[in-house]
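These are my notebook entries on a structure that I am reading for the first time. I wrote down what I looked up, entry by entry.

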Amino acid sequence: MSALANHMFAKMNGIGNEIVVVDLRDKPGVVTPDDARAVASPKGVHYDQLMVLQPPRLAGTEAFIRIYNNDGSEAAACGNGMRCVARRLFEASGQTQVTFETGAGLLNCWRSGELYTVDMGPPKFGWKDIPLAEEFRDTRYIELQIGPIDAPVLHSPSVVSMGNPHAIFWVEDVDAYDLARFGPLLENHPIFPERANITLAHVADRDHITIRTWERGAGLTKACGSAACATAVAAARLKRTSRTVQITLPGGELAIEWRERDDHVLMTGTATFEYEGRFDPALFASVA
């Protein structure tokens, strides 16, 4: 029987990024890719990311968090999901600052009023770290395009890892492209051996960027926190913005700061609680 059968969950969202939070710290169990897909099925609960809290593995942390996309694949990082987890835990415990362990490492989260900040750690720019399938010495732009060679529709993205791989295409209008069509092609391009999150970004001014994202393993999303972080970092590397910017996503606003003193990227935004529920065991009946 699935570890999720008959277990409570919280449906939340981080500026439109659909999140389901499940706390298995008191009932350790393995959540399989089949379990994650079952939750996302039409009879389950729609989500972009499923955040599963498991018992802490390191002293000083509240939990080890495994993150699943709705296709059953795992992600190492999800900034919007982390804010939702932090809100859930803060409301239960009265804490205002915690440290979690994820596949991307240790993440500190804290609350200030109705806003939640996640320290997403330092970005990575090396082609092997992102990772890319071949060497690019300068990842501020890489040779990648879609469309005719002499008139590409999209080209020359910046690439960054924020614990997961991101490609950012700089455009004048983020709504002028069929991201639902191009997103899957670029996500699965051979240059990205672990696939990639695909973002269209428009730099409005030195303090403001607008983005839309095709999220690896989840598809079109109203918000992707790690994509916002990756975009802010990529824009600052190109000297197109300052190191502190406001990112506008279809679901809302995020404040991103790429801190100079330690290279860490801080993401601040809201976390919205929608409802609680309990997983029907029948949802997992077909899961081996």
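Entry on a charged pair. I looked up Arg-88 and found it partly exposed, with a relative accessible area of 28%; here buried means under 20% relative accessible area, exposed over 50%, and partly exposed in between, with a 1.4 Å probe and protein chains only. Arg-88 forms a salt bridge with Glu-276, and their closest N and O atoms are 2.2 Å apart. Because Arg-88 lies in helix H2 and Glu-276 in strand S19 (residues 272-278), the pair ties together parts that are 188 residues apart in sequence. Glu-276 counts as partly exposed, at 45% relative accessibility. I take a salt bridge to be a side-chain nitrogen of Lys or Arg within 4 Å of a carboxyl oxygen of Asp or Glu, and by this rule the count comes to 18 salt bridges.

Note on the source. This is a predicted model, in which local features need pLDDT of at least 70 and side-chain atom pairs count only at pLDDT 80 or more, while totals for chains, interfaces and linings use all residues. Residues are numbered from 1 along each chain as its sequence is written, and side-chain values use heavy atoms, with hydrogens and water left out.

Entry on other salt bridges. Asp-262 pairs with Arg-259 in a salt bridge whose closest N and O atoms are 2.6 Å apart. Salt bridges that share partners join Asp-119, Arg-259, Arg-261 and Asp-262 into one network. Of these, I checked Arg-259, which counts as buried at 15% relative accessibility, and Asp-262, which is partly exposed at 26%. I also looked up Arg-137, which forms a salt bridge with Glu-135 with the closest N and O atoms 3.9 Å apart; Arg-137 is exposed, with a relative accessible area of 81%, and Glu-135 is partly exposed at 45%.

Entry on two helices. Helices (H or I, at least four residues) and strands (E, at least two) are DSSP runs, numbered from the N terminus. H2 (residues 79-93) is mostly covered, as 11 of its 15 residues are buried, including Cys-84, Leu-89 and Phe-90. H2 is followed by Gly-94, whose phi is positive, near 85°. In helix H1 (residues 33-40), Asp-35, Ala-36, Ala-38 and Val-39 are buried. They cover an arc of only 160° around the axis, which puts them on the same side of H1; the arc is that of the directions from the helix axis to the C-beta atoms. The buried residues of H1 pack against strand S3 (49-54) and strand S4 (64-69).

Which residues does Leu-238 contact, leaving aside its neighbours within four places in sequence? I found Arg-140, Tyr-141, Ser-158 and Trp-170, where contact means heavy atoms within 4.5 Å. Leu-238 lies in the loop between helix H4 (225-237) and strand S16 (244-249), and it counts as buried at 17% relative accessibility.

Entry on cysteines. How many disulfides does a search of the whole structure find? It finds zero, a disulfide being a pair of cysteine sulfur atoms within 2.5 Å. The sulfur of Cys-224 is 6.9 Å from the closest cysteine sulfur, in Cys-78, which is too far for a bond. For Cys-229 the closest cysteine sulfur is in Cys-224, at 8.7 Å, again too far for a bond. Cys-224 counts as buried at 1% relative accessibility, and Cys-229 is buried with a relative accessible area of 0%.
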